[in-house]
Amino acid sequence: MKVLLSWLREFAPGIEGAPADLAHRLSMLGMAVEEIELVGRGLDGVVVARVLRTRAHPGADKIQLVDVDAGDGEALQVCCGAFNMGAGDLVPLAMLGTTMADGRLIVRRKLRGEWSNGMLCSAAELGFGEDHSGIMILAGGAPGEAPAPGQPLLEAMGITEDVLFDLDITGNRPDALSVAGVARDLAAHLRVPFAVPEPKSVEVVGPSAAELVAVEILDPVLCGRFAARVLRDVQVGPSPRWLANRLLATGMRPINNVVDVSNYVMLELGQPSHTFDLDRVAGGRLRVRRAHPGEQLVTLDGQLRSLAEGDGVIADGDDVAVSIAGVMGGRSTEISGTSTDVLLEMAWWEPLTIARTSRRLNLRSEASTRFERGTDPQLLERALLRFAELLAPAGSLLPGLVDEVGDLPRPARARARPARISALLGVDISAADVATLLEPIGFGVEPAGDDVDVQVPSFRPDTALEVDVVEEVARHYGYERIPRRVPRSPHSGGLTPRQAERRRLRHTLADWGLVEAMPMPFLAPGDLHRAGLDADAVTVTNPLVAEESVLRTSLRPGLLATLAYNASHRAPGARLFEIGHVYLPTDRSRELPDEREHLAVALGGAEAPEAVEVWHVVADALALGPWRLVAAELAGLHPTRTAVVELGGAPVGSVGEVDPAVLEAYEVPERVAWLEVDLSTVFARPSAERLYRPFSRFPSSDIDLAFVTPDGVAAGEVAASVREAAGELLVDLALFDVYRGGQLGQGRRSLAYRLRLQASDRTLTDEEVATVRARVAAAVEATHGATLRS
């Protein structure tokens, strides 16, 4: 973000100081200054010249001879490597003896036998942006502002001495992507007044905007607010010199007055806009919606863009997309030299949608950057008036504002504790200090006992929590004023092996997409019975709540209650895990219950195979030794979709699905895959050696096999037989379908597995794959009485 000091002073005239000092203060406020550039200096000796003619260089293909008039009416020959100018163009000419900003001295010299009497300059060589693709063409400007040959360049362009700060704005500061936002912060830091001037735009007599334009928001989440105004009798032409110069200084190329004013308002206030040729908007109607599947649009850059269903678009009265919301407009309604009636729109777009669309289309723009980080929905009316003010007298503002509102984010309000702020920063901050520091940057601060309630302004969507308020206090208190302290600790930390295993397990399950739940260990007396478990449990004599007087013997009741709560709030399909303690009753000789650590996984809307898959993940993460799944009927779990997990021949848990009767008792409206493991037993056993093997660079082959087995045969047992028969060539095995049907016979089902075979040293032949297939089929048929489906 580049800002001019003169521009900042339009909002805060009291900003004074040496450029280096102001740069330091901006950096301390979190807007790091990467470069300071002195604008309007170092160009003495650069004048305006008119191109008289261009000629081929007799001794070079990549250089041409250009005859120019430098103000004396005589032809002056210059050798030039750019070919973008023609007779009549006005260009910058560095005269002999000129010292350029980079230290080069312009002298008369021969290039391939031809004399060059100066240098024609690009915008980059003059410090006017980064365009070095060709010579800067000066022709243009508002009426009466055309430069004359021989006129000093700075005078011709109306450039005065100024200071340009190049700021590095972090993603959490959307307000600083505007001159007004930077000025607000700097003025507050310097304790000088700040104000955004009221636009001085005058409406003309004519039809109101509502008579000419209709706006409909079909997706209120996509668009929180959409405001539009109409400008009549617009004369598209060059921008005033001062406006074009500011855009050049901040790295933007002037195009025409309509486009330039749009860019100017975006840089000044942080609000992007888009203009439509009203005569080319079908029905004078705009509809804000999500893109249709397969919808396409030619954007302003001439590219055909294919849209996805999640993208936002603005469509016309015929429901044809004419703009990609918040990213780029469409060519079909762009402003041209013949446009007279202009429809100006400004909107608040949902940031995540804009971010996804711009990244997917690889179409990043200044506008999309601001919408991604969040713009101010309360700024639209002022920004529209500022646009009209800057465009006048090249266009007349018709009365009326079309303003439609969708779902806007609620204004944030945070409770801040001065004691907590002081503890975090290491300095004493009172409630009065908080108000003194935050109110100048637009925050509202109200006393709340010993604390304060902070009302976050609409232009700061990045601030929502107390810790965000602490950051704002720290910025304006001054990071350099906070004493440096090195934390000291008498001990170096470390994890026990069991703690390390528990942490690894948590991270693995979270990486697998599961969310950790932490229900209370206290249950109501009937909860265990509802979960299908033995009601014999430890009773608390002095419970915190009378209705929760029983210690849990399983993690099942708490997770089922959590699933039911989520489903009742229209959030089914929760994937939960818990690592917690259960309390098993013991004989009277022991004073304390048998406290054990368990892992439980509850997958809402899932079937037993998914729970088995999670068990595989757990076993791999903990490097467990030989294990197997044995079909069994367990209380509270589905009678035909449950297995006992055996580790080294000893049971350590259960896997399968929760019994439908239990789900009904807990009012869970979906199937639930279930896994519960006794971690106390698992952690007590030595872990197997973790084996790693390199990835194979050779292609893999997939085989799909479906076996018809009796219902009593566990899918895990079949999978174990498949693994054993397939041998080392098997790198992945997945159960992808379970089917029951009349043609299979009573009490039988089909289990479909996908085997992935791969060798580490070669590409498998069809014969090798066929051999493995036959061996696996024979093993499963012989071991489990299964038949291979054809």
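1. A residue is called buried under 20% relative accessible area, exposed over 50%, and partly exposed in between. Arg285, at 32% relative accessibility, is therefore partly exposed. The model discussed here is predicted.

2. Arg285 pairs with Glu216 in a salt bridge, with the closest N and O atoms 3.2 Å apart. Glu216 sits in strand β11 (residues 214-217) and Arg285 in strand β14 (residues 285-290), so the pair, 69 residues apart, links distant parts of the chain. Glu216 is also partly exposed, with a relative accessible area of 25%.

3. The salt bridge between Glu578 and Arg552 has its closest N and O atoms 2.8 Å apart. Glu578 belongs to strand β29 (residues 575-584), while Arg552 is in the loop between β28 (550-551) and α17 (556-568), 26 residues apart. Glu578 is buried at 3% relative accessibility, and Arg552 is buried with a relative accessible area of 5%.

4. Within helix α15 (residues 497-511), Arg504 and Glu501 lie 3 residues apart, about one turn of the helix. Their side chains form a salt bridge at 3.0 Å, N to O. Arg504 is partly exposed at 33%, whereas Glu501 is buried at 15%.

5. The whole structure has 53 salt bridges. A network of them links Arg173, Asp175, Asp185, Arg460, Asp462, Glu472 and Arg475.

6. The largest nonpolar core holds 113 residues, and those with the most contacts inside it include Phe128, Trp349 and Phe387. Beyond its neighbours within four places in sequence, Phe387 is in contact with residues including Leu231, Val258, Leu344 and Met346. A second, separate core of 28 residues includes Val618, Leu622, Leu647 and Leu675.

Terms used. Residues numbered from 1 in each chain as written. Predicted model: local features only at pLDDT ≥ 70, side-chain atom pairs only at ≥ 80, totals over all residues. Heavy atoms only, no water. Core = buried A, V, L, I, M, F, W, Y, C linked by side-chain atoms within 4.5 Å. Buried < 20%, exposed > 50% of the residue type's maximum accessible area, 1.4 Å probe, protein only. Contact = heavy atoms within 4.5 Å. Salt bridge = Lys/Arg side-chain N within 4 Å of Asp/Glu carboxyl O. Helix = DSSP H or I, 4+ residues; strand = E, 2+ residues; numbered from the N terminus.
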